[in-house]
Amino acid sequence: MNTKTKGLKGLLAAVLLLASSIAGSLAQAAEPLRVGYSDWPGWVLWEVAVEKQWFKEAGVDVKFEWFDYVASMDAFAAGKLDAVAMTNGDTLVTGATGARSVMILLNDYSNGNDMVIARPGITSVKALKGKKIGVEVGFVGHLLLLNALADNGLTESDVELVNVPTNETPQVLASGDVDAIVAWQPNSGQALKQVPGSTAVYSSADEPGLIYDVLAVSATSLAKRRDDWKKVLSVWYRAVAYLKDPATEEDAVKIMASRVGLSPAEYKPLIAGTRILDLQEAKTYMGTAPGFGSLLGSSKVADDFNVANKVYKHPEDVARYVDGSLMAEL
């Protein structure tokens with residue numbers, strides 16, 4: 001074989017290798033972004049963008065997959081999703097166990113939908129001293145309860161905790177096995193309906209910023225497809241504007257209510273208990289204010305809680321979980 005033939009074959013091999021690489025990259029780019037979301041008003045709002053096909057208009061292919069909340073985190077941890085809608089505290093939990101993510105979007109903070117609900121006859125947190133409280137230990141409701149107790153001069157040792165999955169708390173309160181439960185919507189609303197005379201003695205409205213709700217993206221997906229995620233964020237704020245505009249609010253609520261099988265009249269109060277943030281509001285919480293005044297500060301509180309309750313062993317580097325740069329560029 002002469003030198004010229006060898007050279008042509010080498011060139012052909014290089015071209016084929018390059019073509020294969022380009023084809024592989026294009027195939028990867030063509031894959032839709034996979035996002036897991038669940039039944040919380042600040043995440044159900046994504047449904048408006050899905051139904052209106054705004055992602056297609058924005059030039060980004062996104063597949064939203066509906067889950068029960070814990071199942072969505074499990075799917076993300078198993079690598080089946082590129083991103084998942086979580087609370088800031090649970091973002092740390094999934095990260096500490098190996099599925100690290102970055103919070104790139106601050107959807108809302110809970111403003112009353114997370115509640116401590118007591119049986120009839122108990123009308124204050126202080127009256128819970130010595131009583132049994134059903135709560136999913138190690139989850140955000142547990143943190144809410146500790147804050148409620150501290151605000152009222154009590155500690156965890158002043159009550160008896162009964163570990164109950166959040167979706168079962170309405171039934172447990174109705175059974176009389178506990179004196180109070182901790183739950184978020186829709187479970188908190190179900191508990192109030194199932195137990196006439198029950199009372200929300202404390203809620204997330206008493207401590208704004210204790211629970212932030214976010215879109216958490218895998219670090220790998222963010223690095224590879226940053227521009228696409230920026231488009232996702234721009235579509236989110238289009239949905240927020242649609243909900244907040246009096247001219248289109250009714251249509252937005254109708255779409256959201258349909259997603260969870262409720263009437264618009266039933267769903268509207270749930271939206272009111274969620275402070276869904278527009279871009280300018282969200283940016284104010286992406287700073288470094290201590291405590292519940294920022295996503296970073298609140299996440300540090302959640303990290304302390306997680307370690308203290310042995311959710312994971314060692315403190316997380318919380319700053320690595322927060323990236324407000326895409327929001328800043330919008």
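**Helix H6 and its surroundings**

Reply: H6 is followed by Gly98, whose phi is positive, near 120 degrees. H6 is a helix covering residues 88-96, where helices (H or I, at least four residues) and strands (E, at least two) are DSSP runs numbered from the N terminus.

Me: Before we go on, what kind of model is this?

Reply: This is a predicted model, in which local features need pLDDT of at least 70 and side-chain atom pairs count only at pLDDT 80 or more, while totals for chains, interfaces and linings use all residues. Residues are numbered from 1 along each chain as its sequence is written, and side-chain values use heavy atoms, with hydrogens and water left out.

Me: Okay, back to H6: how many of its nine residues are buried?

Reply: Seven of the nine are buried, so H6 is largely enclosed by the rest of the structure. The buried residues are Asn88, Gly89, Asp90, Thr91, Leu92, Thr94 and Gly95; buried means under 20% relative accessible area, exposed means over 50%, and partly exposed lies in between (1.4 Å probe, protein chains only).

Me: And what do those buried residues pack against?

Reply: They pack against helix H5 (69-77), strand E3 (83-87), strand E4 (101-110), E10 and H15, with contact meaning heavy atoms within 4.5 Å.

Me: How do the axes of H6 and H15 cross?

Reply: The axis of H6 and that of helix H15 (residues 295-308) come within 8 Å and cross at roughly 55 degrees. That makes H6 oblique to H15, since angles under 35 degrees count as roughly parallel, over 145 as roughly antiparallel, 65 to 115 as roughly perpendicular and the rest as oblique. The axes are lines fitted to C-alpha atoms, for helices over the stretch in contact, and the angles run from 0 to 180 degrees between N-to-C directions.

Me: Which residues meet there?

Reply: From H6, Asn88, Gly89, Leu92 and Val93 meet Leu295, Ser298, Ser299, Ala302, Asp303 and Asn306 in H15. By class, this contact of H6 with H15 has four nonpolar, five polar and one charged residues; Ala, Val, Leu, Ile, Met, Phe, Trp, Tyr, Cys and Pro count as nonpolar, Asp, Glu, Lys and Arg as charged, and the others, Gly among them, as polar.

Me: Changing topic, how many aromatic pairs does a search of the whole structure find?

Reply: The search finds 12 aromatic pairs. Rings of Phe, Tyr and Trp (its six-membered ring) pair if their centres lie within 6.5 Å, and planes under 30 degrees apart count as stacked, over 60 as edge-to-face and the rest as tilted. Among the pairs, Tyr37 and Trp66 are edge-to-face, 4.9 Å centre to centre with 85 degrees between the planes. This pair links distant parts of the chain, with Tyr37 in strand E1 (residues 33-37) and Trp66 in strand E2 (residues 62-66), 29 residues apart.

Me: Are those two buried or exposed?

Reply: Tyr37 is buried, with a relative accessible area of 3%, whereas Trp66 is partly exposed, with 32%.

Me: And which aromatic cluster includes Tyr37?

Reply: Tyr37, Trp46, Phe55, Phe64, Trp66 and Trp236 form one aromatic cluster.

Me: Now the backbone: where is the cis peptide bond?

Reply: The peptide bond from Gln185 to Pro186 is cis, with omega near 5 degrees, and Pro186 sits in the loop between strand E8 (180-183) and helix H9 (187-194).

Me: What about phi of Gln53 and of Lys310?

Reply: Phi of Gln53 is near 60 degrees, a positive value in a residue other than glycine, and Gln53, found in the loop between helix H3 (46-52) and H4, is partly exposed at 49% relative accessibility. Phi of Lys310 is also positive, near 60 degrees; Lys310 lies in the loop between H15 and helix H16 (325-329) and is exposed, with a relative accessible area of 71%.
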